[in-house]
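Here's a quick tour of a multi-chain model. Have the viewer open and follow along.

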Amino acid sequence: MEDRPLEYDYSVTRLFMMNTIFVGIVGMLVGVILAWQMAYPELNTFLGEGLAEYTNFSRLRVLHTDSVIYGFVLSAVWASWYYIGQRVLKVSMAESRTLMILGKLHFWIYFAASAIIVVSLLMGITTSKEYAEFEWPLDLGITIIWLLWGAGIAGLIAIRREKTLYISIWYFIATFLAVAMLHLFNNLEIPTYFGSGGIGAWYHSVSMYAGTNDALVQWWFGHNAVAFVLTTPIIAMIYYFLPKESGQAIYSYKLSLLAFWGLMFVYLWAGGHHLLYSTVPDWVQTMGSVFSVILILPSWGSAINMLLTMKGEWQQVAASPLIKFMIMGSTFYMFSTLEGPIQAIKSVNAIAHFTDWIIGHVHDGALGWVGFMVVAAIYHMAPRLFNREIYSKSLMAAQFWIQTLGIVLYFTSMWIAGITQGMMWRAHDEFGNLAYSFIDTVEVLHPYFTIRAVGGTLYLIGFIMFAYNIYKTTSAREVEASELQNASPMGA
Amino acid sequence: MSIAELQAYGYVVALVFLTVALYAYIYHLYTKRKDSDGHDYEEYSNMALKDDITDTPVSEKPKKK
Amino acid sequence: MFHWLEKNPFAFAVVVIVTIAFAGLVEIVPHFAQQARPVIGTTPYSTLELAGRHVYIKNSCNACHSQLVRPFKSETDRYGDYSLSGEYAYDRPFLWGSKRTGPDLMRVGNYRTTDWHENHMKDPASVVPGSIMPAYGWMFVNEADIDTSYAEQLTVAKFFGVPYNKPVPMKDGSTKIIKMGATVEEARAMALAEAKLITADMKNQDVKDAVENGKIPEIVAIIAYMNSLK
């Protein structure tokens, strides 16, 4: 052991990577089931009347969002952290026993908590707060998992050889700090079992905030959970993987620093755009609206920086499906960070809020930007983790086009559905009476729900192709480490 | 002074401060171009490109024993 | 000049915290200095209604139904008066929702009846042809958790001063007292008495029998909750 040259240690990365693929399939499958249930409601009992309670839309809906956000995406973020962190700090996990133990604990406690969360959500144990549905015992568990990650970050930074922190590390640190803050404040709650002196369910709790205040804190959380789980760590990933895979330096490192501070400052204000025309104070709503529009600047700062990194090297986009995923991801990032601010304008929001347009927006970000970046990150890491070439380049290209088609079907159908429904809700006849009953506005959506379900299914099929490709990669042709400098080796 | 007034003053002061700080930072980046160690900021891209454990760090951390 | 920021991880972390916490400090914290004042006529939930609210949450009804009427003519025509902040004073958590796959339920108690809900939860399309809402058959079988509901009442009364057993002003100038049991046995008995008022308007014999035998199926609790939304 002592004689061998020092190498990066990817054992924790491998664990998180496998979990990403596994939970990705589960979470997306649940999403596809939900999509078909909305088009064909009889599918709510697809496992029979007896199990209807657990196959019902309302129970699965929570499972879908939480497993995709906190299962699929967070696992990928952590896989990337345990990979990028070592490399840009130029220090190996193998150099510290403590860091290895922390990393493994981090994974296994997270894995166990995920299993408990799946069961509890299916049983209907939820606080109802979106993306913070977990009851207090699980909230405590999440806090421990988060602190384990934080300790890992601090430890690795403490023993680093590279003095300056690379921009990806900035984004990882911001992710850690912001989610910690959001999680702690949004989940302040009193367990009723203790509050009442031992009556009722032990796991039940009641929020510290009531009504409008509760909504304000929840959407400050909800909006920024999106920011700091689905945006900042993904930017951290692309700032490493795109330059590395293409062999190109970041177009402007200075711009990446500016965009970072802009994003940090502006993002947190925009939560109010989830509460337009609600009972929260008017100035908070206006602030949410205005800052959402300003948010275009730092978002596009990063996205343009990514696209320009490929300046003079665009032939790589044609040649490498891996680069295609990242460039398409950046493009979807630009697209959804323009779409979001448009929806946050008050008069647009009056139509868009409560409709499927919002669902479409979330998914062009989640499928196009986050999903594609996760896929690209794993394709880049896999050859280096296993010293193998990627099993099939053509399978990868096929996956890319199938998934892209899936996303396009998804968001176009949801745009039409959302705007149609929003307009029908407000339509009046010549006497000033409502023109449509609510059920009219549901029935009209059937074709769009079906198209969306097809789009989602295509995306899932692409993801299963991806899982197969990675699985075969573990036994593909071995490569020499020296070949792995930039572009990942791929088999036919 | 009511809490709303305090809030308003606090908001303005903090906003002005952060804006000035951000623009000072932009000015610093684009006029100095180099950080205090004499590294051009753009060199830091190499942290990703040359990241083998045997590569030399862009700005080495002083060894303390 | 900015050297300390770029190369000192601790200083960096502090600056990030200040930058991200700023928005929350300005936008959110000051509102907590102001207690949410209930509007006149808003009452705390009874034990059975609160148990029904838990059933609503357990089945994520809020994933498809909002409880927030926005101040537009099209919304007030369809759902009734637009929402006021004080109407949510006793809502922990808030249940505004973020998606209307189904209609808003803020004031559903004004225009739907026990009988309507009973049929609708058993088979939504039988009442609303074309509905894509799933059926909730298990609510007719599963028992509502009255004890946890009572525990929550005790907790909010103790920690947040929610006025149980105290006069609450009503719109007509009178006052109303929402009672809370002194013991868990009393709370159960009160919930059962309230449940019997609901089942009097219901047809399902199994549910009626269960209540006669001292059990409260979830459907009774959630109907009590629905009827309280006005």
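## Two domains in chain C

In chain C, the centres of domain 1 and domain 2, taken over C-alpha atoms, are separated by 41 Å. Domain 1 covers 3–33 and domain 2 covers 47–228; these bounds come from an automatic or database domain assignment.

A word on ground rules: this is a predicted model, where local features need pLDDT of at least 70, side-chain atom pairs count only at pLDDT 80 or more, and totals for chains, interfaces and linings use all residues. Residues are numbered from 1 along each chain as its sequence is written, while chains are lettered from A and ligands numbered from 1 in the order in which they are written.

## Overall build of chains C and A

Chain C has 11 helices and 2 strands, with helices (H or I, at least four residues) and strands (E, at least two) being DSSP runs numbered from the N terminus. Along the sequence, the pattern reads α-α-α-α-α-α-α-α-β-β-α-α-α. Chain C is more spread out than a compact globule, because its radius of gyration is 22 Å, well over the 17 Å that the globule rule gives for 230 residues. (The radius is taken over C-alpha atoms, and the rule is 2.2 Å times the number of residues to the power 0.38.) Along the principal axes, the C-alpha atoms of chain C fill a box of roughly 80 × 45 × 35 Å.

Chain A comes to 19 helices and 2 strands. Its radius of gyration of 23 Å agrees with the value near 23 Å for a compact globule with 492 residues. The box for the C-alpha atoms of chain A, again along the principal axes, is roughly 85 × 60 × 50 Å.

## Where the chains meet

Between chains C and A, the contact takes 67 residues from chain C and 67 residues from chain A; two residues are in contact if their C-beta atoms, placed from the backbone, lie within 7 Å. On the chain C side, the elements giving two or more residues include H2 (9–27), H4 (47–58) and H8 (146–160). H2(C) brings the largest share, 11 residues. By class, this side of chain C has 36 nonpolar, 16 polar and 15 charged residues. (Ala, Val, Leu, Ile, Met, Phe, Trp, Tyr, Cys and Pro count as nonpolar, Asp, Glu, Lys and Arg as charged, and the others, Gly among them, as polar.)

As for chains A and B, 24 residues of chain A touch 20 residues of chain B. Helices H3 (57–89), H9 (232–246) and H10 (253–267) of chain A each give two or more residues to the chain A side, and H10(A) has the largest share, with 6 residues. That side of chain A has 13 nonpolar, 2 polar and 9 charged residues.

## Two helix pairs

In chain A, H1 (residues 11–39) and H4 (residues 97–122) pack at about 20°, with axes 9 Å apart. (Axes are lines fitted to C-alpha atoms, for helices over the stretch in contact, and angles run from 0 to 180 degrees between N-to-C directions.) That makes H1(A) roughly parallel to H4(A). Angles under 35 degrees count as roughly parallel, over 145 as roughly antiparallel, 65 to 115 as roughly perpendicular and the rest as oblique. Residues in the contact include A:Phe16 of H1(A) and A:Phe107 of H4(A).

In chain C, the axes of H4(C) and H9(C) (residues 184–199) come within 8 Å and cross at roughly 80°, so H4(C) is roughly perpendicular to H9(C). C:Leu48 and C:Ala51 of H4(C) are among the contact residues, as are C:Met190 and C:Glu194 of H9(C). The contact divides into 6 nonpolar, 1 polar and 1 charged residues.
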